[in-house]
Amino acid sequence: MSPEANTVTAVYQVTGMTCGHCEGAVAEEIGALDGVSSVKAVASTGQVTVVSAAPLDEAAVRAAVDEAGYELA
């Protein structure tokens, strides 16, 4: 069984990102959460795709996005 079979992918909508720096700030904060293996933030769409070992607590994701200075939509 491949490692991908044991992961969860979630897409969040984040408001306020306008550039690569924004993407990096959001990705860094969410990436620090336990179990997160990858984060891809796209400022043009506001979408943040997160791959983790288990479903993430939305409050934790919201807090991480808030810490980066943005808002989970």
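This is a predicted model: local features need pLDDT of at least 70, side-chain atom pairs count only at pLDDT 80 or more; totals for chains, interfaces and linings use all residues.
Residues are numbered from 1 along each chain as its sequence is written. Local features need pLDDT of at least 70, side-chain atom pairs count only at pLDDT 80 or more, and totals for chains, interfaces and linings use all residues; side-chain values use heavy atoms, with hydrogens and water left out.

Four strands form an open sheet in the order E2-E3-E1-E4, with antiparallel pairing. Strands (E, at least two residues) and helices (H or I, at least four) are DSSP runs numbered from the N terminus, and two strands pair if DSSP finds at least two bridges between them. Strand E2 (36-42) and strand E4 (71-72) are the edge strands, each pairing on one side only. Helix H1 (residues 20-31) packs on this sheet and touches strand E1 (8-15), E2 and E3, where contact means heavy atoms within 4.5 Å.

Six antiparallel bridges join E2 to strand E3 (residues 47-52). Within this region, Val-42 stands opposite Gln-47 in E3.

Gly-31 belongs to helix H1. Residues up to four places away in sequence aside, Gly-31 touches Val-36 and Val-39. The C-alpha atoms of Gly-31 and Val-51 are separated by 9.4 Å, the two residues being 20 residues apart along the chain.

Note on methods:
Axes are lines fitted to C-alpha atoms, for helices over the stretch in contact, and angles run from 0 to 180 degrees between N-to-C directions.
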